[in-house]
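Reader: I'd like to learn how to read the features of a structure like this one. Could you walk me through a few of them?

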Amino acid sequence: MALKLEHVSIRLNDRTLIQPLSLSVETGETVALMGASGSGKSTLLSFIAGGLEPPFTATGKVSLDGVQLDSLPPEARHIGRLFQDDLLFPHLTVGENLLFGMPRGPRPARLARVDAALAEAELPGFGERPPHTLSGGQRARVALMRALVAEPRAMLLDEPFNKLDAPLRQAMRSFVFEHIAARGIPCLMVTHDEADVPPGGRVLRLKDGEVTHA
Amino acid sequence: MNRLGAAPLLLLWALPLLAPLAMLLPAALDGEAWRMALAHPQLWPALALSLGAGAVSTLGALALTLTLLAGLYRSRVWDSLQALAASGLAIPHLAFAIGFGFLVMPSGLLARLFIGGEAPPQWVSVQDPWGLTLSLALALKELPFLLTAGLALLSRGDAALQLRQACRAAASLGHAPGSAFLRVVLPPLLKDLCWPLIIVFVYGATVVDMALVLGPTQPPALAVVIWHALNDVDPAMNGMGLAMVLLLTAALALVLGVVALLLRRARDPLHRRLAAGPSPLSAPRGLAVLLGAAALLILLLAMAVLVILSFAPRWPYPALLPPVADGAAWMKMTAAPLWVSLTLSLTAAATAVALAVLWFETQAPARDSWVNGLALLALALPQLASAGGQYKLFLPLGLTGTVFGLFLAHLTPVAAYVLIVLAGPYRAFDGRYVAAARALSVSRIRALLTVKLPLLKAPLLTAAAIGFAVSIAQYVPAQLIAAGRFSTLPMEAVTLAAGGNRALTAAFALALATPPLLAFLAAAMLGRPRWR
């Protein structure tokens with residue numbers, strides 16, 4: 001499995017945000033993309049996920065496991081995303097959040113998967129709780145589990161640790177990368193902090209629209 | 001983004017709003033209509049009365065609004081102000097006018113409470129020749145609208161936070177709360193109130209139903225003269241009415257233009273005064289509490305009087321309560337106007353919300369500006385002009401006297417309000433929730449139905465309640481387009497107000513006021529997020 005970008009270029013109106021970029025993120029690999037605010041890192045993730053909207057425009061190709069994604073809507077790409085905020089749906093319970101993206105199947109099996117995911121998140125019995133009753137760290141763990149139970153074939157992380165305090169941040173880094181590594185899927189992360197990059201992870205820097213290897 | 005998504009809004013709302021204006025052009029070129037209009041003996045005094053009522057009510061409502069906002073800004077009752085304003089907004093103008101009339105008339109509740117005596121006092125209150133009662137009622141009824149518009153800036157979002165921080169900075173520079181409000185909050189507030197004030201002025205100067213109930217008769221307000229002319233069986237009189245509509249619209253535009261010019265000239269001297277140093281001016285808290293309580297009391301008494309009267313077969317002066325009570329008036333009420341009004345208003349409100357959602361979902365935010373402009377035009381145009389033009393357009397199309405024609409006429413103001421109310425919350429929605437949902441392999445339509453719309457439940461329900469309240473109160477378009485084939489609650493209430501059956505009039509006025517109140521209550525209860 002590999003996430004591949006070929007000659008991807010992104011423009012904001014008349015300005016080129018990202019010069020033609022080719023990149024491959026291999027199975028089980030984590031690549032960190034670093035750069036100044038406004039350099040287009042998150043926009044690149046939106047493009048890969050299929051959510052790029054005007055005034056941004058993009059050219060180039062994205063593929064996952066050899067399948068071209070360019071003409072596919074976001075829901076057909078099977079790419080999981082984590083954002084700066086947990087973005088748990090506040091009108092659903094924790095359990096309903098986990099069920100939201102879980103592939104269809106017999107209800108008892110799906111509920112068993114919810115319980116298993118909650119156990120993995122060290123939150124057993126939290127299924128009926130509304131998200132706002134959870135702590136920041138607990139919500140972040142549920143957000144990761146929600147993305148993973150949807151069985152993504154790649155993960156995009158958009159500064160997922162940015163809003164966490166220092167002790168929680170360290171714990172969440174281990175938690176997130178441990179679970180992503182267990183799935184053996186490619187992971188592309190945008191961050192400002194080199195400490196976010198897991199051991200063995202590759203770092204790319206985005207400057208003036210061009211990507212350089214660290 | 002899909003350009004076709006704009007089509008339903010354009011067809012059902014923009015077209016029936018703009019096309020009728022073109023229908024007014026022949027009236028502008030009809031020399032005989034203009035000759036009749038200019039020769040009408042009541043034209044100039046009626047025009048003066050209309051402009052006067054519009055100006056006095058607007059200035060009165062503005063003074064009340066600014067006093068309440070300045071006096072109560074950042075006070076403990078600030079949060080309650082929103083709920084009170086929403087409740088006042090829910091009461092239709094006509095229902096309030098009827099209740100207010102019963103309150104201030106010589107044999108009304110106020111005279112019974114404070115004057116007494118064997119016979120009612122000889123004062124001239126309802127239908128006074130200067131239109132003062134009409135202006136006062138309009139000022140009180142527009143207060144919740146202006147308050148809501150002001151609170152939109154002062155209570156929500158980043159702008160509210162910035163203003164609070166600016167006030168703290170002003171306090172640290174030695175400004176007392178009144179001075180800080182005047183110099184920091186008032187300038188952006190007045191800028192935001194610009195369009196609401198224009199809407200209030202135009203409404204006050206062109207209102208028909210309230211003027212028929214509370215306004216003078218010799219001469220009446222120009223809107224009433226026009227109204228009678230448009231309803232006349234003589235086509236020449238209809239033409240004269242349309243010429244008068246154009247004249248009234250031009251007079252309003254002229255007044256607004258002159259005011260804008262004067263304000264532009266006054267801007268520099270005002271700015272110099274605003275930039276003056278710290279002042280110990282305190283917030284008018286006492287006055288605000290007094291005026292706010294008085295306005296609330298009048299609103300409650302006007303509604304209470306309707307309740308009492310609707311159960312009173314007779315209520316001799318000076319008794320404070322009727323000697324006997326029965327439900328005869330309620331039994332006499334015909335159900336048809338209620339059902340027509342409810343069905344029409346629910347359909348118009350639901351359609352307006354659906355059209356607005358479709359627009360916001362399919363069009364780029366940059367395209368909102370012209371829809372917003374159109375919505376403001378719909379509200380700032382005299383209703384006699386838009387409804388009069390619609391009548392001229394619908395007549396040859398066979399839409400007068402039809403349910404669909406009536407629905408389109410109602411949709412014009414309803415969709416305008418819904419678009420204005422929904423634009424802010426809808427465009428401010430955090431799109432990452434939808435992105436997160438779609439990254440979980442959920443389609444766009446399912447993300448909309450299961451994530452976005454439930455999270456926007458509160459503004460959607462509020463917009464629907466406002467749309468419902470606006471629709472159920474429509475008198476002018478309903479009367480013109482229904483062509484006598486349908487009767488709605490406002491039509492019945494206006495007809496009864498001119499007659500002598502007070503109990504039945506009060507019952508219809510209450511029937512008109514209750515559904516919007518229930519709609520706002522339901523929106524507040526159902527829209528309350530359970531995740532806070």
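Author: Happy to. Let's begin with the salt bridge, which is a side-chain nitrogen of Lys or Arg within 4 Å of a carboxyl oxygen of Asp or Glu. B:Arg432 and B:Asp430 form such a pair through their side chains, at 2.9 Å from N to O. Some background before we go on: this is a predicted model, in which local features need pLDDT of at least 70 and side-chain atom pairs count only at pLDDT 80 or more, while totals for chains, interfaces and linings use all residues. Side-chain values use heavy atoms, leaving out hydrogens and water; residues are numbered from 1 along each chain as its sequence is written, with chains lettered from A and ligands numbered from 1 in the order in which they are written.

Reader: How many salt bridges are there over all chains?

Author: A search of the whole structure finds 17. One of them pairs the side chains of A:Lys163 and A:Asp85, at 3.1 Å from N to O. A:Lys163 sits in the loop between strand S7 (154-158) and helix H5 (166-183) of chain A, and A:Asp85 in the loop between S6 and helix H2 (94-100) of chain A, so this pair ties together parts that are 78 residues apart in sequence. As for the labels, helices (H or I, at least four residues) and strands (E, at least two) are DSSP runs, numbered from the N terminus. A:Asp85, A:Lys163, B:Asp430 and B:Arg432 are linked in a network of salt bridges.

Reader: What joins A:Glu75 and B:Arg438?

Author: Their side chains meet in a salt bridge of 2.6 Å, N to O. A:Glu75 is in the loop between strand S5 (67-68) and strand S6 (79-82) of chain A and B:Arg438 is in helix H21 (residues 432-439) of chain B, so the pair joins two chains. A:Glu75 is buried, at 16%, and B:Arg438 is buried as well, at 15%.

Reader: Now helix packing, please. At what angle do H1 and H18 of chain B cross?

Author: Axes are lines fitted to C-alpha atoms, for helices over the stretch in contact, and angles run from 0 to 180 degrees between N-to-C directions. H1 (residues 7-23) and H18 (residues 368-380) of chain B cross at roughly 50 degrees, and their axes come within 11 Å. That makes H1(B) oblique to H18(B); angles under 35 degrees count as roughly parallel, over 145 as roughly antiparallel, 65 to 115 as roughly perpendicular and the rest as oblique. In their contact (heavy atoms within 4.5 Å), the residues include B:Trp13 of H1(B) and B:Trp370 of H18(B).

Reader: And what about helix H1 of chain A: is it covered or open?

Author: H1 (residues 41-49) of chain A is mostly covered, with 8 of its 9 residues buried. Among them are A:Leu44, A:Leu45, A:Phe47 and A:Ile48, along with A:Lys41. A:Gly50 follows H1(A), and its phi is positive, near 90 degrees.

Definitions and conventions: Buried < 20%, exposed > 50% of the residue type's maximum accessible area, 1.4 Å probe, protein only.
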